[in-house]
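Subject: Structure handover

Hello,

Here is the structure for your next look. My notes on helix packing and the ligand site follow below it.

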Amino acid sequence: MKICIIGTGYVGLVTGTCFAEVGHDVVCVDNDPAKVKILRSGGMPIYEPGLAEMVKRNVDASRLRFTESTPEGVQHGDVIFIAVPTPPHADGSVDLSFIEKVAREIAGCLTQHKVVVDKSTVPVKTGDKVVETIKRYSKGKVEFDVVSNPEFLREGFAIEDFLKPDRIVIGVRSERAVAVMRELYKPIPAPLIVTDINSAELIKHAANSFLALKISYINAVSAICEASGANVIEVANGIGMDARIGRRFLDAGLGYGGSCFPKDLSAFIKISEQLGYDFRLLREVQRINSDQMDRFLKKIIETLWVAKDKTLGVLGLAFKQNTDDVRQSPAIDLCQRLLEEGARLRVYDPQAMGKARAVLKDRVVYVDSMDDVAIGCDALVIATEWPEFKKLNLARAKEVMTHPILFDGRNLLDPAELQRLGFVYKSIGR
Ligand code: NAD
């Protein structure tokens, strides 16, 4: 099938490339000329495991190409995906101006029936607005369908999540659109859930809010573990083996971050408020999340007595493992708060140094290797759960540090091992 993706970011590029991989003919549009230039010259604007090879394979097979021109993309696609940003306003509501602009642009170039699919995460009832906008700006001359098809991929595991999803959600208004979407997703083996558009939009916000709730739940439990001498990992294992609960998203740490959970939670709270419901439960989830960072920071400062003029090595800047994305990263937040305390920072991340540099600028020292971060440090902090940090050369770190102190914000290391090596080791909930 002929597909157009408007917005070639983390979601759009993965979606377009995976659809090409399963045999569709895809044009990806982005209005950022620099991004299109990188992609056209064979480079990658983001880090996502396996994606560079897949893009190359499909570009070489002429199933995937990139353009800045929305009219070119819309003309090509029978199905048009919208995958543009939906950032938060200061009050937590969603800035839908990107979606509205794309809807107008699509309307302006419609000449025959198209299925317009919203893949961006949007508040319930956005589909109605998209229908209204396309009707208005195409002057009602051309038939079209609007579909909500929320995306559930995780950065770092995006290809696997896209090609082997737990489910595919399709919110539709017409049988014609259902048939097109079934055909499109035929090569991807997953249950297809067909709903109305409002329900599909709600599924995404309700799912992300539930996952954030699970993280805040275990983080709250971690506070009780610390106060009582229990071990949060044992507790999570014990809870998680109950099939009704499940072990995933029960890892205590610095709290959730990234470009999705914080904004989707705020958006869900806001839209609920507009619909007349005060979602206090989710406001509490947010509060626990920010408390978790405060508690960790307190632990660092209490141990060092004062952080001012101390040198801390920070391992991890991305908001989670396997990505270069630093948007709303707890690790970056932690760095900024330590800098406010007057600490000096030496930082390292396997993939996110470039993107972190744009935020932290020259206020920190960027170190080229994980093991060199420790040189001259008063303490080390693990802020992102990159698996390779488990292989940190602790004996060498101890030698090159002023004091062997390690704060593990992701419970990556073994407390017994650290104790044996003579470290002061503080982690989360144990
Ligand atoms: P992103 O910022 O990485 O990508 C969006 C792209 O859209 C950018 O490249 C931008 O240049 C482009 N763009 C903006 N306006 C445009 C226009 N008018 N025409 C063409 N291109 C335009 O964002 P993302 O992380 O891919 O997120 C996109 C949406 O998907 C958001 O609603 C997000 O909440 C949702 N989502 C993201 C993830 C994730 O893990 N990143 C997962 C599921 C859902």
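**Helix packing and ligand contacts**

H12 passes H13 in a right-handed crossing. Keep in mind that this is a predicted model. Helix H13 covers residues 330-340, and its axis is 11 Å from that of H12, at an angle of about 45 degrees. That angle makes H12 oblique to H13. On the H12 side, the contact uses Met 293, Asp 294, Phe 296, Leu 297 and Ile 300. On the H13 side, Pro 330, Asp 333, Leu 334, Arg 337 and Leu 338 take part. By class, that contact has 7 nonpolar and 3 charged residues, with no polar ones.

H12 also packs against H11. Helix H11 runs over residues 261-274 and helix H12 over residues 280-304. Their axes come within 9 Å and cross at roughly 150 degrees. The two helices are therefore roughly antiparallel, since angles over 145 degrees count as such. The crossing of H11 and H12 is left-handed. From H11, the contact draws on Leu 265, Ser 266, Phe 268 and Ile 269. These meet Leu 282, Arg 283, Val 285 and Gln 286 in H12. The H11 contact with H12 has 5 nonpolar, 2 polar and 1 charged residues.

Helix H9 spans residues 197-228, and helix H10 spans residues 232-240. They pack at an angle of about 135 degrees, with their axes 9 Å apart. H9 and H10 are therefore oblique to each other. H9 passes H10 in a right-handed crossing. H9 contributes Ile 218, Val 221, Ser 222 and Cys 225 to the contact. H10 contributes Val 232, Val 235, Ala 236 and Ile 239. Of the residues in the contact of H9 with H10, 7 are nonpolar, 1 is polar and none is charged.

Now the ligand. Which of the 28 residues around the ligand come nearest? They are Asp 30, Lys 35, Thr 86, Glu 155 and Lys 263. For Asp 30, a polar side-chain atom lies 2.6 Å from an oxygen atom of the ligand. For Lys 263, an N or O atom in the side chain is 2.6 Å from an oxygen atom of the ligand. Thr 121 uses its backbone: an N or O atom there lies 2.9 Å from an oxygen atom of the ligand.

Best regards

Methods: Residues are numbered from 1 along each chain as its sequence is written. This is a predicted model: local features need pLDDT of at least 70, side-chain atom pairs count only at pLDDT 80 or more; totals for chains, interfaces and linings use all residues. Side-chain values use heavy atoms; hydrogens and water are left out. Axes are lines fitted to C-alpha atoms, for helices over the stretch in contact, and angles run from 0 to 180 degrees between N-to-C directions. Helices (H or I, at least four residues) and strands (E, at least two) are DSSP runs, numbered from the N terminus. Angles under 35 degrees count as roughly parallel, over 145 as roughly antiparallel, 65 to 115 as roughly perpendicular and the rest as oblique. A crossing is left-handed if the near helix is turned anticlockwise from the far one by less than a right angle, and right-handed if clockwise. Contact means heavy atoms within 4.5 Å. Ala, Val, Leu, Ile, Met, Phe, Trp, Tyr, Cys and Pro count as nonpolar, Asp, Glu, Lys and Arg as charged, and the others, Gly among them, as polar. A residue is near a molecule or strand if one of its heavy atoms lies within 4 Å of it. A polar contact is a pair of N or O atoms within 3.5 Å; within protein, one must be able to donate a hydrogen and the other to accept it, and residues adjacent in sequence count only if both atoms are side-chain atoms.
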